Amino acid sequence: MKPNTEHQIFSSYNKKDGFFDEVFNSNGDAKSIYKKLFDLYGDHSVAEYVQLNNKAKASFFNQGITFQVYGEKEAKEKIFPFDLFPRIIDADEWNTIEAGSIQRSRALNLFLWDVYHDKKIIKDKIVPLELLSSSSNYLHQMIGVDPPNGIYNHVSGIDIIKHADGNYYVLEDNIRCPSGVSYVICNRTALKRALFGVFNHYQAHTVTNYAENLMEILESVKPQGVDIPTCVVITPGMYNSAYYEHSYLAKAMGVELVEGRDLFVENDFVYMKTINGPKKVDVIYRRIDDLFIDPLEFNPDSTLGLPGLFSAYRKGNVCLANAPGTGVADDKAIYTYMPEIIKYYLDEEPILSNVKTYHCSRQNELKYVLENVDKLVVKPVDEAGGYGISIGNKLTKNEIEEVKKRILKDPRKYVAQPILSLSVHPTYIEDKNSFEQRHIDLRTFTLLGKDKEFVLKGGLTRVALQEGNLIVNSSQGGGSKDTWVLKK
Amino acid sequence: MLARVANNLFWMGRYIERSEHIARFMNVNYFSSLDAPNTLSQSRQFVLKSMLFMVGRPVSNDELILNEEQVIYDLGLNSDKPYSILNNIKAIRENANSARDLISTELYEAINKFYHFILNYESDVLVKRGLYDFTVNVTESSSILRNKIRGTLLHDQVYAIIMLGINIERATQIIRIINTKYNDALNAQGSYGNKIAHSSEWSTLLKCAEAYDMMRRLYKKTPASVTTLEFLVLNADCPRSVMNSLNQICSHVQVLDQSKYPVKNSTSCLVGKLRSKFSFMQVEEIEKDIKGFIDQILDDLFKISERMEQEFFNY
């Protein structure tokens, strides 16, 4: 069905049934919340819109929000694809998302404390022991370690989708080094530059307060005995794909962006090398993976981290955010137990639903998965960035057999979920010079500190740019949209 | 501030200044040669050799015939030549990248725009008809960067380090340009009196430093070797003079070095000594042995830079 409009730039919008369309209702009319926006955009001629789109791209280019494409003589820079048509979330829906995100973060934090201390949840047989013992992200070095103020997942990125039934579901929790928050802020900047008139018509919450909240969270978990903590962000370096984000966060918080080589450890305290000599560091927002943070304790070949850091951490002389070993809780296998985990620690019903997930380590579920590979999404539990995922209805017979073989080889490694119909949103497609329907999801950013919780009112709406594609990750060619959370 | 990052910012400042001077030198020399008063100064080969001399790649073989398009490409956009403007600007951005958290968004965006302008500049256009547009753009963009540095950064240690880089490089480049034009004046001598002292190359030299108009205002006569050198080296009011740069270096070093009295052989000690020497220098001393003067001051500036490295950037 075509939307009911004469607007030229929506002329090729083809509304397919079976998906939740965020903007158009079943009659093809723009929903009330989008009505104004739809008309504002529709008033543009194609030529005008192309010009705006180019302006937005230039804004990204000049801000240096690019990633490098190698292979040619000169490394070419490409911008992270950005769609000018924003997504709107109303206040009520947002309250659910926000409450649900905080609930999950709290439960995950208590779970992490438990699995590195008493393991009550295992003793009570809520979560099977094998799930921990077989997880490569469970760090035995963390057993019995008390992170400052008991916080493990200071920063969580929770991926949420809207299904055809109009309800939100959590796709996964990211509590190692979730990325993307800088794009939230840049998307807003670019949209404001290109379409400065549009904002007058809506009351959207700001997203620029993320860094100040992150800073408060980091300061709240300072080690004991420190008065005014020195916080830093540690990055693997400027060739890391998320370097822009690392530098953005350091700048927005007004703290140093350091690399391992800028630090040293003496008597279990961490110092950075400044032009005026050594300066003690108290809180490190680390954007380096667990295994690379300290070659003495983890991967001995790592040159990114800092020898002795873990020992300083264990002694409580420095705080690491997020704590090492959080990866055990964002494992997709643990995800399947989230409703039970929430109930166990908080005695609450989950506010956000989980997607029905089959775990291949359970015999009867493995059988079901093997028989229904064509109807399921099969995911490795420990990969990020959309790698290793197979979507059943896109596979050939041979490919289905290959997937089965892979699962049988290591059932612990795989989970499966029904193929979800992610909601769709009009997205400007450059080749067609008009809007088309594309699948989207939402990454929210939740912060947890001592006596403080915060969810960024916005988040990153990711768009799968290819028609029909369900994988929105940027590493798989996805783009993003500005996300407006409306004030009540 | 991290020592490693300070080092990068220092070099960012140096590369900003360097690319501007190379661009201006190319522009002024090429265009003033088109209607220069004597045949030699008009000669393409003479100008091209002068450009290569300035970036530290002198052509020793007099017989060698240079290809104009190749030389312009090498200086402007050749990514294989370490001295090219393109590589200088890449280095500006690379250094800025590593200190992105310390500098303002406005400065970074200006650097980025500059970088993309150069990266997308067609080499064919540059060598055939774009030299003016290209070099003017480089000098203007460098001015924008300096303005963003002055106007958007805190005037703290970060600023002091960038300004140290800019001023050490400025003094160095002015000396290099003096050296080149002195060399040109030896080759293209004037037509009356002391032929070297009255070569038209001194005017070109002043224009290379964008100092011609103000020099005329001050001296009210045609530039000659003595007046030009006095203005570009010793006049503290001339914004690009060596003396002015030394004064700036002195004040910026003091932001970094907060000891009450300069420590023996510290950067601020070396800088202070050099400035005192220049404060009392007479232009006749320079003119007597221009070559020796140039070697000495380049060596002094190098030593300051080296000392800074040990004192502040050692990590």
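How much area do domain 1 of chain A and domain 2 of chain A bury between them? In this predicted model, the two domains bury about 980 Å² between them. Carbon and sulfur atoms account for 45% of that area. Three residues, Lys332(A), Ala333(A) and Thr336(A), supply 45% of the area that domain 1 of chain A buries against domain 2 of chain A. The contact involves 13 residues of domain 1 of chain A and 11 residues of domain 2 of chain A. The C-alpha centres of these domains lie 29 Å apart. Domain 1 of chain A covers 92-185 + 204-346, and domain 2 covers 356-418.

An open sheet is formed by three strands of chain A, in the order β8-β9-β10. The pairing is antiparallel. Strands β8 (263-266) and β10 (277-281) of chain A are the edge strands, and each pairs on one side only. From one strand to the next, the twist averages 40°. β8(A) is joined to β9 (residues 269-274) of chain A by four bridges. Phe264(A) has Tyr271(A) in β9(A) as its bridge partner.

Helix α2 of chain A comprises 18 residues (residues 46-63). The buried residues of α2(A) are Val46(A), Tyr49(A), Leu52(A), Asn53(A), Ala56(A), Ser59(A), Phe60(A), Asn62(A) and Gln63(A). In an α-helix there are 3.6 residues a turn, so residues three or four places apart point the same way. Gly64(A) follows α2(A), with a positive phi near 75°.

Terms used. Residues numbered from 1 in each chain as written. Chains lettered and ligands numbered in written order. Predicted model: local features only at pLDDT ≥ 70, side-chain atom pairs only at ≥ 80, totals over all residues. Heavy atoms only, no water. Helix = DSSP H or I, 4+ residues; strand = E, 2+ residues; numbered from the N terminus. Expected span 1.5 Å × (residues − 1). Buried < 20%, exposed > 50% of the residue type's maximum accessible area, 1.4 Å probe, protein only. Pairing = 2+ DSSP bridges. Axes fitted to C-alpha atoms, helices over the stretch in contact; angles between N-to-C directions. Domains from an automatic or database assignment. Contact = heavy atoms within 4.5 Å. Buried area = accessible area lost by both parts, 1.4 Å probe.
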